[in-house]
Each structure stands twice: as structure tokens, then as C-alpha cells.
Amino acid sequence: MFNMVVELEQINKCQSILLENLSASLQLSGDFNIGFPGGSWNETIKFNDEIWFHHFEIADDAASPRYWNGFGLAQNLSSNKSNNIVVEINIPTNGINRRVAGFFAENEMGEIGLFHRGSLGGGRKGVGKQAFLSWSSYELTPVLTDGNNETAILVGLIESDDFPAKLYQFLLNIEGFKQLATSGEINEATYISDEELLERILNENPKQKRPKKSTSETIGYERSEFVKEFALRKANGECQLCKRDGPFKTKSGRIFLEVHHIDWLSKGGLDIPKNVIALCPNCHRTMHYVNNQKDIEKLKSIACEQAP
Ligand SMILES: [Zn+2]
Ligand SMILES: [Zn+2]
């Protein structure tokens, strides 16, 4: 059983151990702009090829004095833009403070764990602790706090050699979760029980009214009919990813395929023969939902070969 570390002197010791362990594995440092909801700072941060880390102490916030520990993924680190924090694991320095997500706790063997309470929704409705736990493989660990039990996610044991790897896993999980939540693939409805789902449907529209019109803010791009035609001709009815024929013939008698931009137009891709490929609807959806690197490479080499 873990016991929460609540005495300031002990908390200070744990934070120093955390810093020591991280300094040993994050041996690079550099100046970067780091962004968080509400602003950004230029800071010198520590990093390796997996994690970046920045920390300081917030002593002047009377309600929530804390050690601020911000972590990000080094794969996204850039000197040209603001680098978003993946997660803050802040540690209250005034004992128990449930508004702050992090804490240290110690077990009978004297091992000290870094914990996170698991609320990661960033204000998005329904995309919180429960959704993250359902989606990730994390289980809650019980922690004794002043005689009360609470539960939290054990990120890792701070003195252990595998701590940086555990922390990296935690960051990857959160980043993956946030991306799915942002894209709408995980939402309020995703992880509720069947009963609750039916209840929510009923409560939402008890009189079965017709849906209201909605306006969409989706940005479209002007695309060349000639470039599209080029891709369709090259494919000649056969999906260029799975190599199967398109699913049906259109009224004009042509086998149906969709034309996809390998580098997405929304991410700056160009509407030119080298960047288009004809796909069956299944493969096209796969490229938009999964966009597997291997598939991208494969399509790029086909498109480059067939482009003038
Ligand atoms: Zn296909
Ligand atoms: Zn597409």
C-alpha cells in the first residue's frame, strides 16, 4: 500500500530525487518556447530523444503552492514554434491538495512513486479520467491519504532505472488520448455503458424532433479536375493501396475510386500529380483515420513513379 507523502521536508526530498533521476537521463538542454493553455514562456529545458522537461517552484500562490513539473515529447520539440506541454505533474508543497494533479507516495518497501490523479480532459466535456483509463491500459493504484483511501495513476517509481521509460510511456498515452479526443474519435459517448447510452439518447431527444440544421466550419480546398482525372487514369479502376477493384461502377460506367492527397491539403500538401493517388473508399478512410507511415511511403513511391 502506498502512503501519500505530505510533509514538506519529505516532499522536497522526493522532488530532488525526481530531478536527479531526470537529469541523469535528460542530458541535453536548450532554449525553447513552451506553450500551455493561456500563454507561453521562453525557457531552458532539459531533454533526450524521448522526453523534454521543465520545472520550477510556485511559492507565491497561497492556495496552491507547488512544484511545477511540465513534460513534453521530444519528437515534437521545435525551435520554430511553441512547444506544447503534454502533461503537468505538479506537486503541492502544502500537504494534500486535490486541485493539483500530482503527488508522491511511498510503499512499505520504501519505494517512492510519482502519481497523477488522471484528470486530463483539458475541459473537454466527458473526456476525463474515466475515458483516459478506459482507453489506456492504466489502472488506478490505491493510496492512503490521512487515513482516507484515494486512487491515482502510478506513473513510475522515481528511484528506479526504468522511471524515464515509464514516464515516456505515460506521455505517449496522454498524447495519443488527446489527439483522439481532439479529432472527436473519443467523446462523451465513447466509454459509457449500454444502459447509459440508451438513457442519454432518450433524454437528449424525448419527442424525437427532427434534427436542427447545423453549420459546419470545415474548410474546403479548390482541387483541379485535371489532377483528379490524372490519378484516376493511372489507377485504372484499381485501388493503389490494396490493389483491389473499386467497389462499384458509377452511372457513367467507370469503376468508383476516390482521389487522395498523400500530404494532406489541410497540412500544406499540394494538388499536383506527385501528391495524388486513387484509393477505394476503405483504404481512403484508413489513410485519414490511421495514416500509417508505411502506407504513406508506399503511396508516395507509387505517385512519384507515375507522375511526369
Ligand atoms: Zn483499397
Ligand atoms: Zn484523402
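1. Let's start with Phe115, whose bridge partner in strand S12 is Leu154. Strand S10 (residues 112-116) runs antiparallel to S12 (residues 148-157), and 4 bridges join them. Strands here are DSSP runs of E with at least two residues, helices are runs of H or I with at least four, both numbered from the N terminus, and two strands pair if DSSP finds at least two bridges between them.

2. A quick word on the basis: this is a predicted model, in which local features need pLDDT of at least 70 and side-chain atom pairs count only at pLDDT 80 or more, while totals for chains, interfaces and linings use all residues. Residues are numbered from 1 along each chain as its sequence is written, chains are lettered from A and ligands numbered from 1 in the order in which they are written, and side-chain values use heavy atoms, with hydrogens and water left out.

3. S12 also pairs with strand S11 (residues 140-145), in the antiparallel sense over 6 bridges. Val143 stands opposite Glu150 in S12. S11 and S12 form a hairpin with 2 residues between them, and Asp146 in the turn has a positive phi of about 55°.

4. Next, have a look at the zinc ion (ligand 2), which is coordinated by His260 (ND1), His284 (NE2) and His288 (NE2) at 2.0 to 2.1 Å. Donors are N, O and S atoms within 2.8 Å of the metal (3.2 Å for Na, K and Ca); water is not among the atoms, so sites may look incomplete. Along the chain, the donors of the zinc ion follow the spacing H-x23-H-x3-H. His260 lies in strand S13 (residues 258-261) and His284 in helix H6 (residues 281-289), so the pair ties together parts that are 24 residues apart in sequence.
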